[in-house]
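This report considers selected secondary-structure elements of one protein chain and the surroundings of a single residue. The sequence and structure are shown below.

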Amino acid sequence: MGQPSKAERTLGLTASLDGAPGLLVRKLAAEALEAILSNGAAFDDVTDAQAGLTALEPRDRAFFMSLVFTALRRKGEADRVIDHFLTSPLPRKSGSARLVLLLGTVQLLFLGVAPHAAIDLSVRLARGDSHARHFAGLINAVLRKVAASGHSLIDEKKAGQVNTPVWLWSRWCDNYGPVPTRDIARAHGSEPPLDLTVKGDHQGWADRLGGVLLPTGTIRLGLNQGQVDLLPGYAEGDWWIQDAAAAIPVKLLGDVAGKSVLDLCAAPGGKTLQLCAGGAAVTAIDISASRLKRMAVNLARARYHPTVIEADVMQFDPGVKFDAVLLDAPCSATGTIRRHPDLPYRKTAEQIGSLAGLQARMLEKAAVHVKPGGTLVYCACSLEPEEGEIQIDNFLRGNREFELVPVKSGEAGIEEHFITHHGFLRTLPHMPIGFALTLDGFLAARLTRHN
């Protein structure tokens, strides 16, 4: 076979299978995509279960992540190119042949892997599958055509729509219009930056880490920072990773020093860390033991000690009321597709409706824990109005003791274009924050209780 490509040498790929450098990485990528696309598995769950990943060196793992994430982000484009060169669809019993074609096409068109390496390794990967091996010759022929003329079939102007499942594209067009939908989809095709929330000395840490201080106080670093845990301040717990949009809802509570705050659905703990940094007396609730374990690690690193309880929000009864309650509701998470490109392939419109019902019940429960004169902040990392604006409108109609407190332009660095005419916070993935583009999609609303 040919030598590893320049891209592979740069990434330092060393893992091998049957003596072929880089083949194991591609095999693991094919397995992950099969679990996500065919079985609806979450990427994080897949990688947690893949024992082979632990044997990869960091740079090999980086290439694995790039392969899988690019295949998910640009699947629509890759599929169109593959279909153009296939004279007929692959039969049902072709094993991993289609996934092999997808990975090969992604390497050739989007990752800059040398054709001889991408094609040869794809053929070897197919030969390792008892069903796909019968199509090794076809895979070789198709990928050679992709390498020769596949780029001419890519239309960057239509990429966002092509790569977005039809049901999501239709929903967003209905809710936001075709032009914003195009921009949202384009943003989802890009790699997310690394955003950090720091305990204090924001500008000092931005300078030290070589980042940009955003208007809301988040520090944004560039791509390809290497191992995050080796950056200054990580081990000491001086900062934690948190998307700029996800860091805003806590800021709607204002000064929390000395206040009792209930953080519902708290894990993995970014907002809990923010509340602790602000001096609040925090009670954090989450039903997931595994997520709480991750949260415990983050809290220990930052040296914070809030009250953490594993419990179902719907069953939780603390016997006291709080100055403030924060509900980061479980949702479809369509605002985080940029970070989780597997989401469009494992979510459905029906799930959104079911989640909206759960959110409504949780919001009613959260309201019970708010003191008279206290504040309730509801947020969801979703682009779907049923999980955001509509949710709050319905709640306010049925709970007259609560009133919306509109978000104000300039408050906590929040720019005017993030505020709806009703006073909700609404970020979309294509919206600029300062002069730095892209952030997750979020909805947050601040309510106060009169009695």
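How many residues does helix α16 have, and what distance does α16 reach from its first C-alpha to its last? The model under discussion is predicted. In this model, helix α16 spans residues 349-368 and has 20 residues. From the first C-alpha to the last, α16 reaches 30 Å, which is close to the 28 Å expected at 1.5 Å a residue.

**Helix α16**

The buried residues of α16 are I352, L355, A356, Q359, M362, L363, A366 and A367. Because these residues cover an arc of only 135 degrees around the axis, they lie on the same side of α16. An α-helix has 3.6 residues a turn, so residues three or four places apart point the same way. E350 and S354, by contrast, are on the other side of α16, and both are exposed.

Is strand β16 mostly covered or mostly uncovered? Strand β16, residues 442-449, is mostly covered, with eight of its eight residues buried. The covering applies to both faces of the strand. One side carries F442, A444, R446 and T448, while L443, A445, L447 and R449 are on the other.

| Strand paired with β16 | Residues | Bridges | Sense |
|---|---|---|---|
| β11 | 370-380 | six | antiparallel |
| β12 | 402-404 | three | antiparallel |
| β13 | 425-427 | three | antiparallel |

Y378 has A445 of β16 as its bridge partner. For L404, the bridge partner in β16 is L447. L425 stands opposite A444 in β16.

Which helix contains N175? N175 lies in helix α10, which comprises residues 166-176. Its relative accessible area is 36%, so N175 is classed as partly exposed, the class between under 20% and over 50%. When residues up to four places away in sequence are not counted, N175 touches E384 and P385. The C-alpha atoms of N175 and L383 are separated by 9.1 Å, although the two residues are 208 residues apart along the chain.

Note on methods: Residues numbered from 1 in each chain as written. Predicted model: local features only at pLDDT ≥ 70, side-chain atom pairs only at ≥ 80, totals over all residues. Heavy atoms only, no water. Helix = DSSP H or I, 4+ residues; strand = E, 2+ residues; numbered from the N terminus. Expected span 1.5 Å × (residues − 1). Buried < 20%, exposed > 50% of the residue type's maximum accessible area, 1.4 Å probe, protein only. Arc of directions from axis to C-beta. Pairing = 2+ DSSP bridges. Contact = heavy atoms within 4.5 Å.
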